[in-house]
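Q: Can you walk me through this structure? I'd like to take it a piece at a time.

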Amino acid sequence: MKLLSIVGARPQFIKVAPFAREIADHNKKGGAPLEHLIIHTGQHYDAGMSDIFFEELEIPRADFNLGVGSGRHGSQTGQMLEKIEQVLLDTRPDMVVIYGDTNSTVAGALAAVKLHIPVAHVEAGLRSFNRRMPEEINRIVADHTSDILLAPTPTAMANLAREGLSQKAHWTGDIMYDAVLFNRKLASHKSEIFPRLSISPDGYGLVTVHRADNTDNEQRLGSLLTVFNEIAERRMPLVFPIHPRTAKLIGERFPTWTAHPRLRLIEPLGYLDMLCLLDHARLVLTDSGGLQKEAFLLGRPCVTLREETEWVETVEAGGNVLAGVDSARIWQAVMEWEERSQKGTNEFSDRLIASFGDGRAA
Ligand code: UD1
């Protein structure tokens with residue numbers, strides 16, 4: 001059987017890694033051989049956003065690199081669609097596997113279904129119910145065009161049922177949980193992030209921002225930059241590995257803004273350094289879906305800089321607070337976590353961790 005995975009953006013490299021490893025193990029054990037081809041669309045192309053993940057996570061080199069790069073949504077997705085179609089015509093896989101909710105996901109789904117090639121969607125059924133997010137549109141299109149829906153959580157299964165998609169849906173657990181469990185120890189041995197940044201475990205907060213809703217709106221981005229500086233000054237040092245999209249927009253919109261000395265802006269990190277920083281963060285402030293969930297799986301408190309989340313289990317279990325970008329609400333959430341941490345009551349229920357499976361989704 002010939003499987004073809006389509007990836008292109010940072011979180012997808014993390015998701016394909018456990019799957020590629022599982023296929024290699026299966027072949028080593030002498031199962032019916034599975035051929036696994038990988039297309040990299042080129043959506044993320046900087047070494048720090050792409051190559052480092054292939055190296056650290058030992059993902060086989062992509063068989064096809066489409067070099068599509070950045071662009072507006074229509075143009076980026078359109079170019080991917082055209083180029084993926086050609087590869088599918090040339091290679092004729094038995095099944096295409098797509099991951100998550102990026103433009104690479106939706107381009108892969110559309111190219112394959114039009115050629116009548118079955119599609120499996122890893123991380124199906126997530127919904128924020130906010131259709132202003134490009135990712136939400138990508139999720140809906142990918143789920144409704146795919147043939148096999150691989151859902152990470154029971155909530156995702158319920159979302160699929162509500163859209164009439166139960167017949168195609170399977171609860172597999174979350175493949176990013178596989179990656180966390182597999183790499184956690186490795187990260188603690190290999191990462192040199194603490195000496196490199198001269199920080200100590202549990203003595204800092206970790207910040208990331210890259211959602212278009214936050215970065216493309218000057219008021220929202222400005223509000224976040226102000227509150228980060230305040231938290232750094234008054235509560236704790238913050239480490240902010242900065243996504244290129246965010247760095248570019250800060251430069252354009254706030255050319256005179258300077259970070260407080262305790263707000264450390266650094267280049268994007270590889271997976272192992274990020275996992276290590278997450279695993280020992282006093283607090284995580286983020287608008288990333290993946291990071292919210294990883295913080296939860298590692299038992300770290302999180303403040304989500306959005307109004308809604310796809311990972312509702314993290315909120316239900318008391319490990320994640322939705323604070324949007326409003327300074328007062330963010331401060332309130334930070335202070336609540338700080339008080340709980342002083343009283344030693346900042347542990348939250350791990351009852352819902354089982355919703356993410358047992359680390360064997362792949
Ligand atoms: C994409 C995904 C998002 C995912 C995120 C993870 C979509 C619609 N969004 O958003 O779901 O959570 O990846 O990071 O697919 N850029 C670089 N170098 C790179 C990549 C991007 O400089 O290697 C810059 C470019 O200025 C580009 C901008 O980032 O215009 C946005 O890139 P884009 O492809 O839209 O993806 P993300 O914003 O990263």
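This is a predicted model: local features need pLDDT of at least 70, side-chain atom pairs count only at pLDDT 80 or more; totals for chains, interfaces and linings use all residues.

Q: Where does glutamate 136 lie?
A: Glutamate 136 is in helix H5, residues 134-145.

Q: Is glutamate 136 buried or exposed?
A: Buried. Its relative accessibility is 2%, and the cut-off for buried is under 20%.

Q: Which backbone nitrogen does the side chain of glutamate 136 reach?
A: That of serine 128, at 2.8 Å. Serine 128 is also among the residues that glutamate 136 touches, not counting residues up to four places away in sequence. Others on that list include Leu126, Arg127 and Phe129.

Q: New topic. What is the place of threonine 309?
A: Threonine 309 is in the loop between strand E12 (302-304) and helix H14 (312-316).

Q: Buried or exposed, for threonine 309?
A: Threonine 309 has a relative accessible area of 7%. Buried means under 20%, so threonine 309 counts as buried.

Q: What does the side chain of threonine 309 reach?
A: The backbone nitrogen of tryptophan 311, at 3.0 Å. There is also a polar contact of 2.6 Å between the side chains of threonine 309 and glutamine 292.

Q: Which residues is threonine 309 in contact with, leaving aside neighbours within four places in sequence?
A: Arg127, Gln292, Val315 and Leu322.

Q: Tell me about valine 315. Where is its place?
A: Valine 315 is in helix H14. Valine 315 is partly exposed, with a relative accessible area of 31%. Leaving aside neighbours within four places in sequence, valine 315 is in contact with Thr309, Asn320 and Leu322.

Q: How far apart are the C-alpha atoms of valine 315 and cysteine 302?
A: They are separated by 9.3 Å. Along the chain, the two residues are 13 residues apart.

Q: Let's switch to helix H1. What should its 19 residues span?
A: At 1.5 Å a residue, they should span 27 Å. The end C-alpha atoms of H1 are 28 Å apart, which agrees.

Q: Where in H1 does the kink lie?
A: At valine 16, shortly before proline 18. The kink is about 25 degrees. Both Val16 and Pro18 are among the buried residues of H1.

Q: What comes just after H1?
A: Glycine 30, which takes a positive phi of about 85 degrees.

Q: Now rings. How many aromatic pairs does the structure hold?
A: The structure holds 6. One of them is edge-to-face: phenylalanine 228 and phenylalanine 240, 5.7 Å centre to centre, with 80 degrees between the planes.

Q: Why does that pair tie together separate parts of the sequence?
A: Phenylalanine 228 lies in helix H10 and phenylalanine 240 in strand E9, so the pair links parts that are 12 residues apart in sequence.

Q: Which pair is tilted?
A: Phenylalanine 296 and phenylalanine 356 form a tilted pair, 5.9 Å centre to centre, with 50 degrees between the planes. Phenylalanine 296 lies in helix H13 and phenylalanine 356 in the segment after helix H15, so this pair ties together parts that are 60 residues apart in sequence. Phenylalanine 296 is buried at 2% relative accessible area, and phenylalanine 356 is buried at 0%.

Q: Which residues do ring pairs link into a cluster?
A: Phe13, Phe53 and Phe54. Phe13 is also one of the buried residues of H1.

Q: Last one. What sits over the ring of phenylalanine 182?
A: The charged end of arginine 21, 3.5 Å from the ring centre.

Conventions: Residues are numbered from 1 along each chain as its sequence is written. Side-chain values use heavy atoms; hydrogens and water are left out. Helices (H or I, at least four residues) and strands (E, at least two) are DSSP runs, numbered from the N terminus. Buried means under 20% relative accessible area, exposed over 50%, partly exposed in between (1.4 Å probe, protein chains only). A polar contact is a pair of N or O atoms within 3.5 Å; within protein, one must be able to donate a hydrogen and the other to accept it, and residues adjacent in sequence count only if both atoms are side-chain atoms. Contact means heavy atoms within 4.5 Å. The expected span of a helix is 1.5 Å times one less than its number of residues. The bend at a residue is the angle between axes fitted to the seven residues ending there and the seven starting there. Rings of Phe, Tyr and Trp (its six-membered ring) pair if their centres lie within 6.5 Å; planes under 30 degrees apart count as stacked, over 60 as edge-to-face and the rest as tilted. A charge sits over a ring if NZ of Lys or CZ of Arg is within 6 Å of the ring centre and within 35 degrees of the ring normal.
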